[in-house]
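Subject: Handover of a structure and notes on it

Dear colleague,

Please find below the structure that I am handing over to you. My notes on it follow directly after.

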Amino acid sequence: MNRYFAACAPGLEPYTTMELQGLGLLSPDENRPENPGAPRGIAGDSGTVEPGGVGFDGDLTALYRANLHLRTAGRVLARLGMAFLSRSFPELEQKAARLPWERFLLAGQPVALRVTCHRSKLYHSDAVARTVARAIAARLDQPLPLHKPGAEEAANPPQLILVRLVDDACTISVDSSGELLHRRGYRQAVAKAPLRETLAAGMLLASGWDRTSPLIDPFCGSGTIPIEAALLAFGIAPGKNRHFAFMDWPGFEEATWKSLVGPSPAVHQRQPSIIAADRDAGAIEMARANAERAGVAEHIQFACQAISDLQAPPGPGWVVTNPPYGLRVSVGRDLRDLYARFGAVLRRECPGWQVAVLCSQPHLFGQMGMEWDTSLELVNGGVRVRLGRGQAGR
């Protein structure tokens, strides 16, 4: 069994945990917060939830399945052994050289080292990186090509290695994902104020959408929320059409991977009505093109219309959306009016529907005439936001 860590954006930890449990990679009784008595950086045992992710155990198949299926995680890390204390550079080099680097690096493959140091005797990140690089080269008995930030990538993409020193405890991890997992491959056309796919999936899970009731995104932009909803509803793995870093490891089991990907599951359940609407015709064109690349365009209804023209299908259902909150509309009064109109439309068209709205300005929720649970704090494009959840009244 190996130790892994599913890294996610702040606030998404409960939903990454939920996904791992749904995949059978984490038992419900393993969901526990980080041990407050342990030094930061040692956490990551199976079921340990810490800011930024969830630890889990498993074999290589578990690692493949996590990368293939996780919708809210940004990357999956493989821990190299247990965390160890390191208070000097010779000690760090000696202990790092004991790790099984040959399992993860091909001959001549460049390496990118990312180091963070907090409250540790070894506080110079560049010196730590050089020391770990020497340890890897000694273990592999060959020179180690180092990838420098900003350099053009060679034919072989660099293998990312993360070194974390906190309170003199060193955790070394190898990135198994490569490109961040939100890069599913379908979103080549991007509208204004794009929403990461992982955050869109987190919004859907946090909203409690049952995957069969109607779902509307009236500010769909480039279509990320409706596309993620369709992928979720029809059980389509978000990572089935992309490359992962673990595919370049010496021990990659291609037959195992192909057996996990397989064909798309047959659709037997009642298809939910998923509506993607936006007043910007260009955004709707982008959303449709992205949905076609994702293979779900036939499951989404696209509508170019203003919020005041919204017409809901028979419900009740869900409204999950990321309306403008200062990135596309800059005038405060316009935003207040927009949210007031949005609330009125929800009361008229969607009475009894569940609503989840992402917004960076809490006072705008008050313009909609609804009661909200705004306890879930997330980050969207570096901006702290709240996901308001409530029910539309009459």
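The chain contains nine helices and 16 strands. Please bear in mind that this is a predicted model. Of its 394 residues, 52% count as buried. Among the contacts with a separation of 6 or more, 75% are between residues 24 or more positions apart.

I begin with the open sheet. Seven strands form it, in the order β12-β11-β10-β13-β14-β16-β15, and the pairing is mixed. Its edge strands are β12 (300-304) and β15, each of which pairs on one side only. On average, and with direction ignored, neighbouring strands of this sheet are turned by 20° against each other.

Several of the pairings can be followed residue by residue. Strand β13 (residues 318-321) and β14 run parallel and are joined by four bridges; W318 has Q354 in β14 as its bridge partner.

Helix α5 lies across β10 (215-217), β13, β14, β15 and β16, and runs at about 150° to β13. Helix α6 packs on the sheet as well, where it touches β10, β11 (274-278), β12 and β13; its direction makes about 170° with that of β11.

These two helices also meet each other. The axes of α5 (residues 197-207) and α6 (residues 224-233) come within 9 Å and cross at roughly 65°, and α5 passes α6 in a right-handed crossing. From α5, the residues E197, A200, A201, M203, L204 and L205 take part, and they meet T224, I225, E228, A229 and L232 in α6. The residues of this contact divide into eight nonpolar, one polar and two charged.

A further helix pair is formed by α3 (residues 89-96) and α4 (residues 125-140), which pack at an angle of about 40° with their axes 8 Å apart. That angle makes α3 oblique to α4. The crossing of α3 past α4 is right-handed. In this contact, F89, L92, E93 and A96 of α3 meet A127, V128, T131, V132, R134 and A135 of α4. Here the residues divide into seven nonpolar, one polar and two charged.

G52 is found in the loop between β3 (48-50) and β4 (53-58). Is G52 buried or exposed? With a relative accessible area of 19%, G52 is buried, because the cut-off for a buried residue is under 20%. Leaving aside residues up to four places away in sequence, G52 touches F5, A6, A7, C8 and E13. The C-alpha atoms of G52 and A9 are separated by 5.7 Å, although these residues are 43 residues apart along the chain.

The loop between β8 (159-166) and β9 (169-175) holds D167, and D168 is found in that loop too. D167 is not a glycine, yet it has a positive phi of about 55°. D168, which is not a glycine either, has a positive phi of about 70°. How do their accessibilities read? D167 counts as partly exposed, at 29% relative accessibility, whereas D168 is buried, with a relative accessible area of 9%.

The bond from G315 to P316 is cis, with omega near 5°. P316 lies in the loop between β12 and β13, two strands that belong to the seven-stranded sheet described above.

Yours sincerely

How values were computed: Residues are numbered from 1 along each chain as its sequence is written. This is a predicted model: local features need pLDDT of at least 70, side-chain atom pairs count only at pLDDT 80 or more; totals for chains, interfaces and linings use all residues. Side-chain values use heavy atoms; hydrogens and water are left out. Axes are lines fitted to C-alpha atoms, for helices over the stretch in contact, and angles run from 0 to 180 degrees between N-to-C directions. Angles under 35 degrees count as roughly parallel, over 145 as roughly antiparallel, 65 to 115 as roughly perpendicular and the rest as oblique. A crossing is left-handed if the near helix is turned anticlockwise from the far one by less than a right angle, and right-handed if clockwise. Contact means heavy atoms within 4.5 Å. Ala, Val, Leu, Ile, Met, Phe, Trp, Tyr, Cys and Pro count as nonpolar, Asp, Glu, Lys and Arg as charged, and the others, Gly among them, as polar. Buried means under 20% relative accessible area, exposed over 50%, partly exposed in between (1.4 Å probe, protein chains only). Two strands pair if DSSP finds at least two bridges between them.
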